[in-house]
Amino acid sequence: TVADALERLTEEESQGIFDGSVEDLVKAKLVEDTVFSMDGMEMAVTENYPGAGKLIITREVKDKWDRVKMVSSTRYGYLLLSLRGVESNTVVAARVDKIGKSEHPWVLTLVQLAKSAGAKVKVLLVDGAYCVGDVLWRLKHEEKVDFIVPADSSMCITEDARALALLKEGTIIKENSEIRAVGVKGLSTYDAYKPPSDQGRRGPKPTLNAVVVTRWKWRDVPREEQKVLITTLPVDDPLLIVELYRKRAEMENKLHRELKQGWYIEKFPSKQHPACLAHVYLTLTLYNVACAYKTERGQELADRGIRRLRAQHLGGAAWVLIV
């Protein structure tokens, strides 16, 4: 019965339920985050799901005679893109795509959705897959959102930051017993960090700051392995940037693993595409309600009792059902 009902929901209706619930939570002051992280999560299905994506992976394997051959494998599934508050753990924006699709085109869309719901997105933490220059430029200059993202080792800005980190002049070095981080200001060698080609721009070349991690977990890191975080935030205390970015890794355990193992988000009630989307968005809606209940304000609201909540917020309307 549930599966049949979910199949009747359109994608816009499912998204509307979730988006509306986020707006209500923000309005109730249950989502006070300003720092958010974004990442994608694959949800595996079989080839019998008509709306799912298909990804073919080819790799080299050796047989017992050390002969190399190419082996292909196929995965089917959906890709869930989520924007999550690092403190409240609330998903303030989400969309479902097919696996194998690029994730970075969704950055601006999810940020705009979160803002339209009332969320105060000030800082975004993302991994290296989102290090795309024009997207980052628009994120900062159009959406007014600062970011922290690791740079790839092959990028010029990475090599420049590592080289400058060796100098004592012009850098800021902060360390504790576990980590040493070096802040480098005003790097302009990320050529892709610029406005889109159709937008003319005068003035100096845009610059970024960087933090180079030269010691990690009590071990000095070789120069070629040093992680470089590029950011639009000040790097006067580079340890703060490192500690802030570490919160992005919590998304794997606190959100993705929780959704899969605790909320059974991969247990689709139907193979039909509308039902799969409705299942994902409704699961996220209830997950957010559970996160809201864990907050001090959520506990305060729950402790008031249903009669008091009805009388205070609904004018005593007995016909309103609150689940």
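What share of the contacts in the protein between residues at least 6 apart in sequence join residues at least 24 apart? The share is 66%, where a contact means heavy atoms within 4.5 Å.

Welcome to this predicted model, in which local features need pLDDT of at least 70, side-chain atom pairs count only at pLDDT 80 or more, and totals for chains, interfaces and linings use all residues. Residues are numbered from 1 along each chain as its sequence is written, and side-chain values use heavy atoms, with hydrogens and water left out.

The protein has ten helices and eleven strands; these are DSSP runs numbered from the N terminus, with helices (H or I) of at least four residues and strands (E) of at least two. Its C-alpha atoms fill a box of roughly 70 × 60 × 45 Å along the principal axes. Of its 323 residues, 45% count as buried.

Two residues show how surroundings can be described. Buried here means under 20% relative accessible area, exposed means over 50%, and partly exposed lies in between (1.4 Å probe, protein chains only).

| Residue | Place | Relative accessibility |

Which residues does N288 touch, leaving aside its neighbours within four places in sequence? N288 is in contact with F18, V22, L25, T90 and V91.
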